[in-house]
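Colleague: Could you show me how to read the pairing of strands, and then the surroundings of a loop residue?

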Amino acid sequence: MSTLAGVGMSHHRNPVQAAKDAVEQARNQSGIEGDPDFVFMFSSVGYKQQPLLKSVRKETSEAPLCGCSGEGIISTGDADEGNFSLAVMLIKSDELRFEHGLASGMSESSAKVGQSIGEEVGKYKADDNLGIFVLADGLTLNFDQFVQNLESSADLSTSLPLLGGTAADNWAMQKTFQFCDDQITNDGVSWALMSGDANLAIAVNHGCTPVGSERKVTRSDGNIIYEIDDKPVLEVLKEYLMEDEVDNWQKTVVNLCLGFKAPSHYEGYDEYLIRFMPAKDDETGSVQIPTEVEEGTSIWMTRRDH
């Protein structure tokens with residue numbers, strides 16, 4: 001029994017050539033002969049996504065696929081935040097199996113999307129379930145509502161780790177993409193349930209450093225923060241912004257994030273959990289984050305390090 005896996009990356013601007021180059025690299029790295037059993041695909045948004053997906057599908061013999069767009073693409077020895085990057089992972093295994101799907105409508109209700117995915121995942125519950133890859137629209141996700149409804153509707157005997165991250169669009173903050181086989185959606189989630197004979201090793205990291213002192217959330221509602229230290233959030237943020245960031249939200253959210261104290265059971269993790277701000281409301285002075293926050297919560301401003 002064995003599992004073969006390899007990653008390939010391309011920066012070619014032609015989607016057909018990018019797919020050929022990335023898949024060839026992944027095949028060479030993995031040693032896979034014949035068709036892969038499963039494909040993960042991540043791309044930046046300079047490409048037209050449909051031709052890119054079609055090309056990757058062709059190069060992988062239309063193997064089952066899960067993926068999304070990103071703010072940047074990282075692979076072994078390469079991290080790129082430009083508009084033209086494609087990374088694919090090919091997997092061939094007689095030890096692992098994957099079930100996958102796609103759901104949309106996150107902006108309407110993250111809870112309903114979580115419930116629908118949980119119902120699908122529940123159809124495949126087994127003693128050897130390992131984890132669920134979740135690639136959600138980072139602009140509209142309310143993670144707390146999503147995960148609560150996913151876990152309750154899946155009706156699994158044990159809680160499964162959620163792996164993955166949120167889809168992005170190179171900080172345009174307009175539209176992200178989620179992939180499942182030949183389908184592309186926005187405002188949704190691409191997911192994959194991994195089961196079989198394996199042990200998971202999970203790592204999470206970020207590149208942000210706290211600046212300034214502890215602050216308090218003094219007014220919030222769900223995943224919207226209205227006030228910090230009794231001031232509108234957007235007014236507080238100006239204390240930490242460079243001159244060219246004050247009126248440029250895209251530049252602000254690239255560099256400035258909110259930090260929350262990591263729970264004590266997050267052993268080995270950083271001191272802070274980082275939350276970016278995908279949306280703001282100038283009228284109320286509020287910002288939206290992907291998770292819910294209670295009034296009275298301690299908060300730190302953080303900036304990306306070099």
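Colleague: How many bridges join strand β10 to β11?

Modeller: Strands of a sheet pair through backbone hydrogen bonds, and the pairing may be parallel or antiparallel. In this predicted model, β10 (residues 178-180) and β11 run antiparallel and are joined by three bridges, and Gln 183 of β11 is the bridge partner of Cys 180.

Colleague: What is the order of the strands in the open sheet?

Modeller: The order is β1-β6-β2-β3-β10-β11, six strands with mixed pairing. Because β1 (3-10) and β11 (183-185) each have a single partner strand, they stand at the edges, and one side of each is left without a neighbour in the sheet. From one strand to the next, the twist averages 15 degrees.

Colleague: Which strands does helix α1 lie across?

Modeller: Helix α1 (residues 15-30) lies across β1 and β6 (86-93), and runs at about 145 degrees to β1. Helix α2 (residues 49-59) also packs on the sheet, where it touches β2 (38-43), β3 (65-69), β6, β10 and β11, with its direction at about 150 degrees to that of β2.

Colleague: Turning to the loop residue, where is Pro 161 found, and is Pro 161 buried or partly exposed?

Modeller: Pro 161 sits in the loop between α4 (143-154) and β9 (162-167). Its relative accessibility is 27%, so Pro 161 counts as partly exposed, since buried would require under 20%. Leaving aside neighbours within four places in sequence, Pro 161 is in contact with Leu 130, Gly 131, Ile 132, Leu 200 and Ile 202. Phe 133 is 28 residues from Pro 161 in sequence, and the two are 8.6 Å apart in space, C-alpha to C-alpha.

Terms used. Residues numbered from 1 in each chain as written. Predicted model: local features only at pLDDT ≥ 70, side-chain atom pairs only at ≥ 80, totals over all residues. Heavy atoms only, no water. Pairing = 2+ DSSP bridges. Helix = DSSP H or I, 4+ residues; strand = E, 2+ residues; numbered from the N terminus. Axes fitted to C-alpha atoms, helices over the stretch in contact; angles between N-to-C directions. Contact = heavy atoms within 4.5 Å. Buried < 20%, exposed > 50% of the residue type's maximum accessible area, 1.4 Å probe, protein only.
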